Amino acid sequence: MYAEVFDSQSVAAVRQQASVAQKIVLLSHMNADGDACGSILGCTLMLDSATKAQSVTPILPNGCPKTFEWLPASDRILSGEQQREHCEALIEEAELIVCLDFNVPSRIDFLQEALVKSKAFKVLIDHHHNPAKDCFDIVFSDPSISSTCELMLWLAIELWGRQHLNAEVARCLYTGLRTDTGGFAFSCNQPSCFDAAALLVSYNIHPAEIHNRIVNTFTYNRMMFYGFAISKRLEVFPAQRVALFTFSLEDQLQYGVTGEDMEGLVNYTLMMQEIEVGALVREEPNRTKVSLRSKYDVDVNIMAQKLGGGGHTKAAGATSQMSLTEIVAAVKQLLGVANQEPNKNYTVA
Ligand SMILES: [Mn+2]
């Protein structure tokens, strides 16, 4: 599978490094999602069984989110925020570092310096556009692949065959496949995505149970916040086929919700039949964040890049130092709705 991504020399080099490395570190991005958590844990478990390393340590800049603590081995994830010096030392001393589901070192935030400085053999496994190839010894990257978890599965088979696949690994990898495709709704044009799902399900995992763990998890506060968001904080521009959520810090404090609770809310914009591009802008202490989604052909990755971020064609985002007012103006400019009045009485036909 994907012979152009997994050239045999690179695969052999990684197999060799994995077989001799005593200290292995795995890294994924800030605010880890299902694909980050699933790929880092699936890879950790496979390296446990495939190598003789003394230590295999998964590190996330701000730890494992509560929503993914049910994944196997999640208690092994170290939080960079909670144990910064320890994590930096592990990164610097590592002989092999596997980076998953991010394209540039800045996506691991304050841990990037340690990564760049480390003399370890560095492997990137990712599906975002424009990977920083110079920062890694080997890069396995293809933006046409559904998820890093799918890429990790095919790479594992190239490296070791199926001998290190089992129910726990399958549970981890299926989770990223499931979340990055919105439940096999988008980013799944390649048949290989379904081949991967079929193979993972053959290890006796239960898609309905994983679906419940991922989707049916709202607290009452989060549900009430979504009601507030849709009724009070959604601007719809039907003529431009654009919709935009905006949240101040105060909005979030009032309902006791955080960024994690807003995961997926931006997708609600696209549920309106006339809307093609949706955005969510929110304030955090000392910064603002933008999420962008596209239903058809508009490339939101390009828009996110103009805001200093990036991502995928249909799903991208950015973190900014602009104030909420400034970033909303910038986003509206990019969406072509600057100076337009949102239609408050808009109802979908
Ligand atoms: Mn991903």
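# Briefing: salt bridges, manganese site and domain interface

The structure holds 10 salt bridges. It is a predicted model, and its protein chain is divided into domain 1, covering residues 8-214, and domain 2, covering residues 221-335. A manganese ion is coordinated by Asp35, Asp101, His127 and Asp180. The points below take up the salt bridges, the metal site and the contact between the domains in turn.

**Salt bridges**

- Side chains of opposite charge can pair when their charged atoms come close.
- Arg171 and Glu209 form a salt bridge in which the closest N and O atoms are 2.7 Å apart.
- Because Arg171 belongs to helix H6 (residues 167-180) and Glu209 to helix H8 (residues 207-214), this pair ties together parts that are 38 residues apart in sequence.
- Between domain 1 and domain 2, the count of salt bridges is zero.

- Along the chain, the donors of the manganese ion follow the spacing D-x65-D-x25-H-x52-D.
- Asp35 lies in helix H2 (residues 34-50), whereas Asp101 lies in the loop between strand S4 (96-100) and helix H4 (112-117), so the pair ties together parts that are 66 residues apart in sequence.

- The centres of domain 1 and domain 2, taken over C-alpha atoms, are separated by 27 Å.
- Nine residues from domain 1 and eight residues from domain 2 take part in the contact.
- The two domains bury about 710 Å² between them, with 41% of this area on carbon and sulfur atoms.
- Asn31, His128 and His129 supply 44% of the area that domain 1 buries against domain 2, which is more than any other three residues.
- One residue pair is in polar contact across the interface of domain 1 and domain 2, with both residues at pLDDT 80 or more.
- The side of domain 1 that touches domain 2 comprises one nonpolar, six polar and two charged residues.

Notes:
Residues are numbered from 1 along each chain as its sequence is written. This is a predicted model: local features need pLDDT of at least 70, side-chain atom pairs count only at pLDDT 80 or more; totals for chains, interfaces and linings use all residues. Side-chain values use heavy atoms; hydrogens and water are left out. Domain bounds come from an automatic or database domain assignment. Contact means heavy atoms within 4.5 Å. Buried area is the accessible area (1.4 Å probe) that two parts lose on being put together, summed over both. A salt bridge is a side-chain nitrogen of Lys or Arg within 4 Å of a carboxyl oxygen of Asp or Glu. A polar contact is a pair of N or O atoms within 3.5 Å; within protein, one must be able to donate a hydrogen and the other to accept it, and residues adjacent in sequence count only if both atoms are side-chain atoms. Ala, Val, Leu, Ile, Met, Phe, Trp, Tyr, Cys and Pro count as nonpolar, Asp, Glu, Lys and Arg as charged, and the others, Gly among them, as polar. Donors are N, O and S atoms within 2.8 Å of the metal (3.2 Å for Na, K and Ca); water is not among the atoms, so sites may look incomplete. Helices (H or I, at least four residues) and strands (E, at least two) are DSSP runs, numbered from the N terminus.
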